[in-house]
Amino acid sequence: MATTTETVTAAAPLALKLSQRPKNADGSALYPDFLPHYDPLEKVDDLGYFEHIDVGHRADPTFPNLLKNATKVYDLSPNVGTEIEGVQLSQLSPEGLDELALLAAQRGGLVFRNQDFIGIGLEEQKKVVAHFGPLHVHGWAPHPAAGSPEHMIIYDHKEDLRVRRSWKGRSPVQWHSDQTPEPQPPGVTFIGMLESPAAAGGDTLMSSSVAAYRSLSPRFRKRLEGLTAIHSNNDGVKQELKNGDNAVMRRQELIQEHPVVIVHPVTKEKALFVNPVYTKRIVGFDEEESDYLLKFLFDHIAKRQDFQCRIRYEAGTVLVWDQRVTNHSQTLDYPAGDRRHAFRLTSLANKPIPALIEEDDGECAKDLGRVQLGLC
Ligand SMILES: [Fe+2]
């Protein structure tokens, strides 16, 4: 049999042209007015107790004002995250904002793209978010040079590695709900993305704390009833003080005791309310017992991708989420030196409401997976 020798040449690789996100050609920031400003002398008083009436209570549950211009609404995952196209947050009426609060409480996180909200100015932006509650001022994070300490600037770039340095030698993926050591921690929160890393990355990971609670066995849930935990921001304070004379410490260190399982005031859903960034120990447990339980709960939040989603941004994307029913984490996965730039406006909400847990409180019946397997 005749044999032939074939020369196999590898096909020329297709030129893979990745679409790039907007950048200025000279490398300058797309939104210089939002560059971070650090003032080590700045001081801000704590807000103190305030009555919080959640605007979600008065929302129409059919969302006629929020969704009247929506062209597409789709869930990012079954348990958390919904993306809404065709809606400009800046154009929402007070009734539309009430509905936004309700939908954020139900879905955890809501993603809106191409938002002119980014360009309406600091005061107008604050007016929108203050609809949900008094605005939080961070203890040390920067704000724009023009002022507005309520605008927390999120910035990572080769000219300002302050945030990236703070994660040196440890994982930047840290699940948390923002500012839980506050006596009345945050509720509805906005991130406005100003500039994303060029190709990909800088996503936010988000996890449903309602699904985290509901996925526990009824007997384990019952074991959590009545437990409280200490939340403290002392790790963050220590980290900030490493900046020496440039450290910003505009507020006192925060420490607070909160229930381990809370109830959302509007949806009445129960949610697991611990996180590895701020929750230090279970009150009344010995140290080893507390460490053991918290380690399980933190692993449960981090590992259960079945109640997580991932939010990708471009300049103009706004994420609106309810901190009481979610945990989130940054990713910091893009090349060091690339610019990621955003602002956060955070409304404060109610004092966390402890959940009463019956062994058969109907929660198990909401989980079809458990019902089908006879686990209730
Ligand atoms: Fe955060």
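I began at Lys72, which stands opposite Glu85 in E3. The model I am reading is a predicted one.

I then looked up the next pair and found Val73 opposite Ile84 in E3. In total, 4 bridges join E2 to strand E3 (residues 82-85), and the two run antiparallel.

I followed the chain between these strands. E2 and E3 form a hairpin with 6 residues between them. In the turn I noted Gly81, whose phi is positive at about 95°.

Next I asked which strand E3 pairs with in the parallel sense. The partner is E4, and 3 bridges connect E3 and E4.

Helix H1 (residues 94-107) lies across E3, strand E4 (109-112), strand E7 (186-195) and strand E15 (318-322). I noted that H1 runs at about 75° to E15.

I then turned to the whole sheet. It is open and consists of 7 strands in the order E2-E3-E4-E15-E7-E17-E6, with mixed pairing. Why is one side of E2 and of E6 left without a neighbour in the sheet? Strand E2 (72-75) and strand E6 (152-156) stand at the edges and each has a single partner strand, so one side of each lacks a neighbour in the sheet. I also recorded the twist, which averages 20° from one strand to the next.

Key:
Residues numbered from 1 in each chain as written. Predicted model: local features only at pLDDT ≥ 70, side-chain atom pairs only at ≥ 80, totals over all residues. Pairing = 2+ DSSP bridges. Axes fitted to C-alpha atoms, helices over the stretch in contact; angles between N-to-C directions. Contact = placed C-beta atoms within 7 Å.
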